[in-house]
Amino acid sequence: MLTSEIFHEGAVGEQYRTFNLVSSPQTINIIGYTGGANALTSKMRTALQWAVNNYNRLNMGLNFTLTFGTNYRPYDIVVYRTSGGAGGSAGFPSGGSPYKFVQIFSGMENYNTNTVEHVMTHELGHCMGLRHTDYFNRSLSCGSGGNEGSGGVGAVYIPGTPSGFDPNSIMLSCFGSNEDGEFGFYDEVALEYLY
C-alpha cells in the first residue's frame, strides 16, 4: 500500500503513472462502505459522490458508478473509513483492474467537504495508476521528505503535462486544509491521455 498522505500546503511536479493501468473501456463500480466502525460519515459520502463526479466529467473510456452499502465483494473499489489522522491510502492497479481498497482516515471529518473530496479524488487516482506528481521530491508539497523512487511500479512521465511546476495537481503528495476538490488542468490532460 501507498504511504498515507499527510497535511501540508504545497507546490509542484509533472504527472506520472505506474507501469500498470486499468483496462479501458470499462465501468468501474465503486461502493462507499456504510457498516460499523468503517462506515463513511455523511460528509465522506457526499465527498465520495463529488469525487466520482470528477471522474465522470472527463472524456475517457472509463465510467464510474457509485453505491453505498456493506456488500463490498462484487465491487471494483471499496472506499471505507479507518482510524488515523488526515489523508488516505490506496494502491495501484494490477491485471487491468483498479486497486480495490481506499482507506480514508477518520481525521478527515475535521476538514471541509471539498478537502475530503480532494483526498478521495486523489486516492481514486492512485487506484487508476496515477503517481504523486512530486514523487521525486515530496518536500515540494510536504515540506520534508525525499524521492519515493519507482516503488517497483514505475514512475512514467505522462506526455502533454508540464515538465515544470504544477501547483494545481490533485496528485501532489500532500494537501492543504482548504482544497477545492477539483482536478487541476493537467490532471485532466493526464487522465484523458491515459484513458
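Predicted model: local features only at pLDDT ≥ 70, side-chain atom pairs only at ≥ 80, totals over all residues.
## Helix α1 and its buried face

Helix α1 covers residues 42-56, and at 1.5 Å a residue its 15 residues should span 21 Å, which agrees with the 21 Å that separates its end C-alpha atoms. The buried residues of this helix are Met44, Ala47, Leu48, Ala51, Val52, Asn54 and Tyr55. Seen down the axis of α1, these buried residues fall within an arc of 145°, so they line one face of the helix. In general, an α-helix has 3.6 residues a turn, so residues three or four places apart point the same way.

The cover over the buried residues of α1 comes from several elements, which include the strands β2 (26-33), β3 (62-69), β4 (77-82) and β6 (101-105). Helices α2 (113-127) and α4 (185-194) are also among the elements that cover them.

## Helix α2 and its ends

Helix α2 has 15 residues, which at 1.5 Å a residue should span 21 Å, and the distance of 21 Å between its end C-alpha atoms agrees with this. Cysteine 127 is buried, with a relative accessible area of 0%.

At the N-terminal end, α2 is capped by asparagine 112, which has a side-chain oxygen 3.0 Å from the backbone nitrogen of asparagine 114. After α2 comes glycine 129, which has a positive phi, near 105°.

## Histidine 132

In the loop between α2 and α3 (139-142) lies histidine 132, a residue that is buried, with a relative accessible area of 1%. The side chain of histidine 132 takes part in a polar contact of 3.2 Å with the side chain of histidine 126, and a polar contact of 3.3 Å joins the side chain of histidine 132 to that of serine 173.

## The disulfide

A search of the whole structure finds 1 disulfide, and cysteine 142 and cysteine 174 form a disulfide in which the sulfur atoms are 1.9 Å apart. The torsion about the S-S bond of cysteine 142 and cysteine 174 is about 90°, so this disulfide is right-handed. The pair links distant parts of the chain, 32 residues apart, with cysteine 142 in helix α3 and cysteine 174 in the loop between β7 (156-157) and α4.

Both partners lie under the cut-off of 20% relative accessible area for a buried residue, since cysteine 142 counts as buried at 7% relative accessibility and cysteine 174 counts as buried at 4%.

## Aromatic pairs

The whole structure holds 8 aromatic pairs, and one of them is formed by tyrosine 55 and phenylalanine 64, a tilted pair with 5.2 Å centre to centre and 45° between the planes. Tyrosine 55 and phenylalanine 64 are both buried.

The rings of tyrosine 72 and phenylalanine 101 have centres 6.2 Å apart and planes at 65°, so this pair is edge-to-face. Tyrosine 72 is in the loop between β3 and β4, while phenylalanine 101 is in strand β6, so the pair ties together parts that are 29 residues apart in sequence. Tyrosine 72 counts as partly exposed at 26% relative accessibility, and phenylalanine 101 is also partly exposed, with a relative accessible area of 31%. Ring pairs link these two residues with Tyr33 and Tyr80, so that Tyr33, Tyr72, Tyr80 and Phe101 form a cluster.

Key:
Residues numbered from 1 in each chain as written. Heavy atoms only, no water. Helix = DSSP H or I, 4+ residues; strand = E, 2+ residues; numbered from the N terminus. Expected span 1.5 Å × (residues − 1). Buried < 20%, exposed > 50% of the residue type's maximum accessible area, 1.4 Å probe, protein only. Arc of directions from axis to C-beta. Contact = heavy atoms within 4.5 Å. Polar contact = N/O pair within 3.5 Å; in protein donor to acceptor, adjacent residues only side chain to side chain. Disulfide = S-S within 2.5 Å. Phe/Tyr/Trp six-rings, centres within 6.5 Å; stacked < 30°, edge-to-face > 60°.
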